[in-house]
Amino acid sequence: MFLIHCPYCNEEREQEEFSPAGEAFIARPVEPEGISDEAWADYVFYRTNHKGYHWEQWVHSNGCRKYFMVERSTITHEILKVAAFGADISE
Amino acid sequence: MRVEQLTSNQIDRSKPLTFIFNNKKYKGFEGDTLASALIANDALLFARSFKYGRKRGLIAAGVEEPNALVSLEMGGRYTPNLKATEIPLYDGLSAKSATNPNSFDLRAFIKPLHRFMPAGFYYKTFIKQAVWAKVEDSLRALSGFSEAPTEEDVDVYDHVHHHAEILIIGGGVAGMSAALEVLKSSDNERVILVDERSRLGGEIFNEFSSDEQSLKWFEEAVADLCGFAKEQRDRFMMLTRATAFAWHDQNYVEVLETHATGESLSSDGSQVRKTLHKIRAKEVILATGAHERPMLFEANDLTNIMLSQSVRRYLNEFGVVSGKKVVVYGNNDSIYQTAKDLHSSRIACTVIDVRSAEPLNTHAEKLKQSGVKVLQGYAIVKAYGSDKVEGIDIALATHQGTSWEIIGDSESLSCDLLVTSGGFNPVVHLDCHTGAKATFDETSQAFLPEKERANRQTCGAVSGVGAWQDTIIDGKNKAQLTLQSLGVVSETNGADLSENHANYFNVSEFFTPKSIINRPKVFLDLQNDVTTLDVALSIREGYRSIEHIKRYTAMGFGTDQGKTGNINGIAVAATILGKTMAEVGTTTFRPAYTGVDFGALAGRENGGLFDPQRFTTIHDSHVAKGAEFEIVGQWYRPWYYPKAGEDMHQAVHRECLAARTSLGMMDASTLGKIDVQGPDAREFLSRVYTNAWMKLAPGSCRYGLMCNEKGMIIDDGVSTCIRENHFIMTTTTGGAASVYSTLEMWLQTEWSHLDVHLNSVTDHYSTVAVVGPNARNLMKLLCQDVDFDRENFKFMQWREGAVCGVKARIMRISFSGELAYEINVEANYGRYIWDQVATVGEKYSITPYGTESMHVLRAEKGYIIVGQDTDGSMTPADVNMNWIVANNKPFSFIGQRSLSIAALSAENRFQLIGLLTKDAALVLPEGAHIVDRGGKSIGYVTSSYFSPILGRSIAMAQMQGGLSKIGETTIVKIVQEKQGLKEIPCEVSSSVFYDINGERVNGND
């Protein structure tokens, strides 16, 4: 039950306004028919389940309905960064 | 009994109250708790213990009490399992023990069987289901808890959200001091102070008799805090009888405030019984104090063996004591203070200090000088008595190296109240809720909270500060650090604590010699009857982690959550394992810290406010027609429309036949509708549906099947091409929200380059379906500007026109297989159109039908319902719908790649088939299993109805390799009333039962 800063609303809101939407940067293979079953299964099913900070997707489901990315610790729930899709997250 | 008035007493002797406990009438005073009033009346027996049926009384004065569980009041105000120590007395109170201590108790017979009921007894005995089933009811009755309420709670509970800069948990000396400091040193910061007791002050009342300064400080502090609460109410809130029971991430704390326990409130809902405060604080100051733990010896659970500080509290705060000849026993200096207080009230007492007389103890010497007998270096090995403690056996104790030993013979001492103190457990529970680990401190022999945590300070006894003067300083210091963290002050000017600030936290090591551990009936957890022998047994059986030992013995599983006993249990485990306390560690503390009423958690969100209710604009017409409703995805949908005397079966029969033979009508407004617009709308639909969309012309509709990336069906519905770049997609009623959210995800995360915009328009339109052979005839009467000729307005097309003067989109689509039109109008015209259709349709005996008939009609045609005939593991091929999968689209649609995985075309996959019972009248129950010759399940029934038009039962089912078994006979096992399990022979058939060639959608004119 933490607070999330929505990059679109530009406000810090209660977690209950948001829904998690899985690990970030899971890109859909460009040519699904051209890859092996294993590679496809990796995209569909396998996630790193990282312990510590990782990037994940959230949606402001009871707000602006926008999806965005969050860098959160899976241990402490501390959020380091939030970013809209397409934003530069390298800094 | 009551002693004479002490200055520290917080009861008002001018306000007597009467109350009833276990059907007997008693008297108490305003300011008493139920527990203190019962001590005053010498009613000391509270409970029978859970496992052995032993008689139990109070041991504590607060939230940590394990024995004195009571139920309060009756009927709609009945509340089970409250602690008598936490119920402020009110006039007319009526309470009952959770387990009647005076009644005949089966377990009294079990008593001699102690050694047969060790840890794991129930588990080992009842692992065989057959035995458990026979005794479950009678054992559950002995659970040690009050009966569950049987009536609906008549009271109202509230939820309130707060945002504050500083939340202070605990209103004892530390919390009060911290609150005063932050209020005095800041101007705008919002401050909340909460305390679980009904008055501020914590343990300060125990200090009044020995130090006048404490009384002076307390009175001023209370006056100041009340002043702030009154004058700066916009930034300071002070709550008593308010327990912080859960601490979540980022300082989100839940506090349950009790306005009244059993006291009468008006039942019109204007008075709230409890408020659940949801507080989001920037900084938290934890001032939760400490709970005392008892000393261990044989039969330490006898009635009137109590905790030392609790006895002091009863004496000082309430002026009550439960004995005349007291033994005070412990391993720290608090026992001398207790003895001194008792002695001052002219109650005879003897002190037994397990620590030796060397080095010289000034507290002991002072007490000896005032005439109190003090035995140093002695331990109690055993207590005895029948109803309550009558005496003890003591022996010499020495501390050698790291362990205690008992030496020499024991001698007896008589007493009627035994008071013990084995040290103090800081209340670190809340701090640990968010993952902090308490660490064992050798000096104070206590688990202390982590020193440094972001946006949190601890002060007072929870951090090992015992002396009240130092607690004030500690509170101030931590308040300043908090203000510094907030940026309110730049520098702090903290004062140093005195040398003796730890005070009672200076205790000797845990008194757990093997000669005590190995005795019977040395109880660790009084509520769950866990003894030292249980811990020893669990270790012998191979459990090493304290988490496992806890679960195997059930130590700390009661409503008290082991607040007094758990740390002793850890010490016993450490001794047996030969480990240090730090190595053994604590168990995990989780919310809730104390019991929380379901009513408080629900708040106002019950009854009609439990879930949002959605109604179509046509709802009132359905009500007027006498419809029965079912809730589908929050929508109230007409289920069927019974006429006078009709049951559901009869109504559905009539409705179905009307739609098949003449004309039916249905409110289809609840279907999810998503408006899809943009140059790439077509491309988008092609990607999310399995079939082709590029060539669908404006004026046409198309059915689509939607899969997830795993290739499993998640939704279906008809989408309409309004114009080149504009579609309206319909989804299942229940799936509307999740489909919309999934589509948005694809657009926002993967396909942001697609120029498509989605909007949920479910509520924007009302939809009236006109269904049956006479549908075209009726539509011609309702709408003149559309050509309804069968060749010019084909199946799966739509036209725009004025229906009864209202602009409408008319779709010729069908979920019944009959000739049908769906009239879509702006939502607010829904009722008008419905009523017009009903009136004009009288000519064809138009019959409204509900979801049940809709299900029958679609099942006759073998149309699936996603979520009923599919379960998230069905591919298009599994439901025999490969005809709708277009594998040659340029973009690999969602799920396409998965469908090519070999396992998804295995022959023995569950496939959708039809079942025709040999007995045409028998309707299979949905969920019944299809079995093979060996009796093994090979499938199950997903939809099953009696088809009026076919005059027989029909069922759809998932069956392993079912599509290759069509024509064969199989067996469905069902349970029939009085006849038990029955095997029903059925023919496996196509799932299309009626109008197999699909001719009826064109009508018969």
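Start with chain B as a whole: 50% of its 1005 residues count as buried, where buried takes 20 or more other C-beta atoms within 10 Å of a residue's own, exposed takes 12 or fewer, partly exposed is in between, and C-beta atoms are placed from the backbone. The model is a predicted one, where local features need pLDDT of at least 70, side-chain atom pairs count only at pLDDT 80 or more, and totals for chains, interfaces and linings use all residues. To find your way, note that residues are numbered from 1 along each chain as its sequence is written, while chains are lettered from A and ligands numbered from 1 in the order in which they are written.

**Stop 1: chain B overall**

With chain B still selected, look at its C-alpha trace, which spans about 115 × 70 × 55 Å along its principal axes. Colour by secondary structure and you have 25 helices and 47 strands; these are DSSP runs numbered from the N terminus, with helices (H or I) of at least four residues and strands (E) of at least two. Among the contacts in chain B with a separation of 6 or more, 68% are between residues 24 or more positions apart. Two residues are in contact here if their C-beta atoms, placed from the backbone, lie within 7 Å.

**Stop 2: where the chains meet**

Now show both chains. Chain B brings 19 residues to the contact and chain A brings 19 residues. On the chain B side, select helix H21 (736-750) and helix H25 (896-899), each of which supplies at least two residues. H21(B) gives the largest share of that side, 6 residues. By class, the chain B side has 3 nonpolar, 10 polar and 6 charged residues. In this scheme Ala, Val, Leu, Ile, Met, Phe, Trp, Tyr, Cys and Pro are nonpolar, Asp, Glu, Lys and Arg are charged, and the others, Gly among them, are polar.

**Stop 3: two helix pairs**

Select residues 173-185 and 468-486 of chain B, which are helices H5 and H11; they pack at about 40° with their axes 7 Å apart. H5(B) is therefore oblique to H11(B). Angles under 35 degrees count as roughly parallel, over 145 as roughly antiparallel, 65 to 115 as roughly perpendicular and the rest as oblique. The axes are lines fitted to C-alpha atoms, for helices over the stretch in contact, and angles run from 0 to 180 degrees between N-to-C directions.

Next, pick H19 (residues 648-661) of chain B together with H24(B): their angle is about 55° and their axes are 9 Å apart. H19(B) is thus oblique to H24(B), and the crossing is right-handed. In H19(B), B:Met648, B:Val652, B:Glu655, B:Cys656 and B:Ala659 meet B:Glu852, B:Ser853, B:Val856 and B:Leu857 of H24(B). The classes here are 6 nonpolar, 1 polar and 2 charged.

**Stop 4**

Zoom in on S44 (residues 937-947) and S45 (residues 952-960) of chain B, which pair in the antiparallel sense over 8 bridges; pairing takes at least two bridges found by DSSP. B:Ser947 stands opposite B:Arg952 in S45(B).

**Stop 5: a hairpin and a loop in chain A**

Move to chain A and select S5 (residues 67-73) and S6 (residues 79-84), an antiparallel pair over 5 bridges. They form a hairpin with 5 residues between them, and A:His77 in the turn has a positive phi of about 70°. A:Met69 has A:Ala83 as its bridge partner in S6(A). Then find A:Asn49, in the loop between helix H1 (37-44) and strand S4 (53-59) of chain A. Its phi is near 50°, a positive value in a residue other than glycine.

**Stop 6: a cis bond**

Finish at B:Glu358 and B:Pro359, joined by a cis peptide bond with omega about -10°. B:Pro359 is in the loop between strand S17 (348-353) and helix H9 (362-369) of chain B.

Key: Left-handed = near helix turned anticlockwise from the far one by under 90°.
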